[in-house]
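Reader: I would like to go through this model step by step, beginning with the chain as a whole and then turning to its sheets and a few residues. Please show it to me before we start.

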Amino acid sequence: MKTLREYTHTHTHTHTHTHTSNFNKKIILALIISIIIIFIFFIMQRNGLIEKATRIIRGEEERQEEKAELFSYIVYDNKDEENTKVLITVNSESGIEYIQCPNGNKINGNGKQKVGLDYGVKKDEKVLFKIKEIDKQEQEEEICVTEEMIEKIAVQINILTDVKGYAAFNFEKNLDIEGYNKYYYKIGTNNTWVEGTEFFMFDYDVIQNKYVNDDDTITIYAKIVNNANGNEVIASRNIDVIDEVEEEGEIESESLIKAINQENLKTGKYKIKIKDKENTEYNVKLYNIVGDTEIPINTFPGVEEDVGTANGYAQNMIILKVNGNLTV
């Protein structure tokens, strides 16, 4: 039989052994957790995740520059459609080994990350460039200068107003090259260039001046010019023309206003005689517009014969009749 002292001693020894075993397990577990934390920290630091997390905690937005395209180009002079001049830019993070042009010429990139070059191409003709980046396979890039492409990246022609018999336009520059600061437009292939960024046309004048194409459209041209070197970028757009009847006739009325207020008057030329007033008549060119209309303040209806000069008066009085709301 064990005495009380012996029992107590035995119980105490057993408790001490159990406590030491649990303590060792906690140390091992703590070491494992520490190793895992250190490993995770190392991975995060290597991938830059800690820096990103710090920015997020501080409320700072991370800004990353957009990666530049490998191959891009813009037209900077297309006066000669057989030799349209384009500015080509090649970007490569790994460095450019060479660029091979369609004519066979090979340009050594010398490991540069950005190379720019001028090249002449024929409008609407597809040509291929070959680009070799360092430690990468050769790539092919195509150039094809079309009218749609020129309008998209160089000169954009916008229709501001388009109602029966009348249309207003403007154009804006998309070309991101300094020096292009003169703007011109013209209506029809054989017409002369006029400086400005906003213009208009009446179908009647277009037909009268025989600017209409064979497919019953009218071609609108816009261009921007670099005065320093004479380069220019020209864009064009075809617009449908309403084939209105060219009305001509004589009207006798008590007043000019009453004559114009007649509902059946169409766009055209009229000789309006005023009753009871001898030798009082007006040669009138009437533009009859149906629908709400916005007209730029610098609008000048009519053609050359309708404008007075230093040597003579205008041949016609211009009257604009709008059947709708008019905003100038």
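Reader: Of the contacts in the chain with a separation of 6 or more, what percentage is accounted for by residues 24 or more positions apart?

Author: The model is a predicted one, and its chain has five helices and 20 strands. When the contacts with a separation of 6 or more are considered, the share that belongs to residues 24 or more positions apart is 53%.

Reader: What percentage of the residues in the chain is buried?

Author: A residue counts as buried when its relative accessible area is under 20%. The accessible surface of the chain comes to about 22,000 Å², with 49% of this belonging to carbon and sulfur atoms. Among the 328 residues of the chain, the buried ones make up 34%.

Reader: Which residues form a nonpolar patch on the surface together with I28?

Author: I28 is placed in helix α1, which covers residues 4-46. The patch to which I28 belongs has about 360 Å² of accessible area together, and the other residues that form it are I32, I36 and I40.

Reader: Which residue in β9 stands opposite Q156?

Author: Strand β9 covers residues 166-173 and pairs with β8 in the antiparallel sense, over eight bridges. In β9, the residue opposite Q156 is E172.

Reader: How many bridges join strand β13 to β14?

Author: Both strands belong to an open sheet of four antiparallel strands, in the order β11-β10-β13-β14, where β14 (232-240) is one of the edge strands. T219 stands opposite N238 in β14. Strand β13 (residues 217-226) runs antiparallel to β14, and the number of bridges that join them is nine.

Note on methods. Residues numbered from 1 in each chain as written. Predicted model: local features only at pLDDT ≥ 70, side-chain atom pairs only at ≥ 80, totals over all residues. Heavy atoms only, no water. Helix = DSSP H or I, 4+ residues; strand = E, 2+ residues; numbered from the N terminus. Buried < 20%, exposed > 50% of the residue type's maximum accessible area, 1.4 Å probe, protein only. Contact = heavy atoms within 4.5 Å. Areas by Shrake-Rupley, 256 points an atom, 1.4 Å probe, with all protein chains shown as cover. Patch = residues over 30% accessible without salt bridge, like charges linked within 9 Å, V, L, I, M, F, W, Y side chains within 5 Å. Salt bridge = Lys/Arg side-chain N within 4 Å of Asp/Glu carboxyl O. Pairing = 2+ DSSP bridges.
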